[in-house]
Amino acid sequence: MQKTKELLKEIRISSNVGGSKQSPTPSAKETPNTRKKKAPLHPPIETNWLLPPVEERQKPYRSFMSFLSFRNMGRTQSAEMVLEGQHNPKDEKLVESFRELLFLEGHLPVKHFDYHTLLRFLRMRDFDVMKARDMFVQYIKWRDEFGVDTICTEFKFEEHEEVKRCYPHGYHGVDRDGRPVYIERLGMVDLNTFLLVTTIDRFVKYHICEQEKTLNWRYPACSLAAKKHIASTLSILDVKNVGMSRFSKPARHLFMEIQKIDSNYYPETLHQLYIVNAGSGFKVLWKAIRAFLDARTLAKIRVLGTDYRSSLIEAIDPSNLPSFLGGECTSCAECGGCLFSDKGPWNDPEITDMLQGMLCTEEEQEFSLTNASDDQKTAFSADTENVGCEDNTMDESFKVAQERKHVDKPLLQKIQALKPVLQHTKQKIRTLETALENIKLVLQELEQHIEDLKG
Ligand SMILES: [Zn+2]
């Protein structure tokens, strides 16, 4: 824990650390149709890395990661700021109107009304508040109907390792800016075995849990490690040998299900997607696939042939790139290979101790631990020593974090969500009061005038 404290101290707001380096934009050749229908793009979601001095900063609306944050604690204030990132005043205004609209329409803002979530939906719809509203309402409905929170705490994907063998995929380190790197080797998918060891429904549930884990655990961990707000992923899709013939009906179904979930419910979490080893077979298929992708997503995709190494190295340090992609990672052998290791700051004991510590402190401050079960307390002090490889310890810690996050404290959450609305209403009342006073004065003058006329 001492180490953690030191690490926390180390976190200072650096000015535009790493810069908001724009990734290369796709060339016209790679995405010929994108240009025609491409919607205007906004800068990457982490653009606002430059943080203002503490005193200038308004208390941020509690974010999806706020459950990890400290309050009233100087030593961790900067860590909290790293997690939260800077709020662009213009975006903040739009988010505020968006939140108000949702509230006025009767959507009880108990969860997911935080700045970053709302901003992602706004950005996805090019800041068209009504369109973002429709999308967000669908999202809340889906979470509720699908039982996302319950799935994430209860669902166990026991076939995890077998699935990874016939569908190689996984998170592996970070890119040069500190974003998690996600890799899929689509060309190596053995769909027959996949359907023997799991079902599409179960895989979809697993995928959702992974998405939740990325939002609520991997991004905060990456933010602490990089000392700047991280909120998107760099993905690599290896499509060696992928062609129309491999894209069978179940494969299409799986692709569509995952794609639907990612674009409808987890918008704006993709920083860049590199499709590598794209051969002629894939290019035929790509024409069909791209029809299902929105312009904003398409603009983030680079389709590369076999000569992809330099592009990947530009974005990712070789030590964070598996050897099968031209990298030099040597740390995953004992875990069964790079796609089994889940290596990254989210499995680094110093970082996870810090995240858990922050969570515990916040919980202690706000709700006191009296209601937490002993099991939960024990799980929080879980030993994270063996987290070099993907194991259950980390998953359990994350799940407990999720549970605690969603231990419903509806009243507190409602009060928090109502605060900005209340403030706004107060302002309006004050304006009305002033107007009323003015009217009174006018009336008095008028009265006087009438009296004068009478006289
Ligand atoms: Zn590796």
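1. Basis. Residues are numbered from 1 along each chain as its sequence is written. The model is predicted, and local features need pLDDT of at least 70, side-chain atom pairs count only at pLDDT 80 or more, and totals for chains, interfaces and linings use all residues.

2. Overall. The protein has 19 helices and five strands (DSSP runs, numbered from the N terminus: H or I of at least four residues for helices, E of at least two for strands). Of its 455 residues, 33% are buried (20 or more other C-beta atoms within 10 Å of the residue's own, with C-beta atoms placed from the backbone).

3. Main core. The largest nonpolar core holds 46 residues (a core being a set of buried Ala, Val, Leu, Ile, Met, Phe, Trp, Tyr and Cys residues joined through C-beta atoms within 7 Å). Helix α10, residues 200-226, gives the most to this core, with seven residues. V181, A221, L224, I236, I275 and L312 have the most contacts inside the core (contact: C-beta atoms, placed from the backbone, within 7 Å).

4. Another core, apart from the largest one, has 12 residues, among them Y115, L119, L122 and F136.

5. The crossing of α4 and α6 is right-handed (the near helix is turned clockwise from the far one by less than a right angle).

6. Annotated segment. An unreviewed UniProt entry lists residues 422-452 as "coiled-coil region"; such annotations may be inferred rather than shown by experiment. In the model this span is 100% helix, and its end C-alpha atoms lie 45 Å apart.
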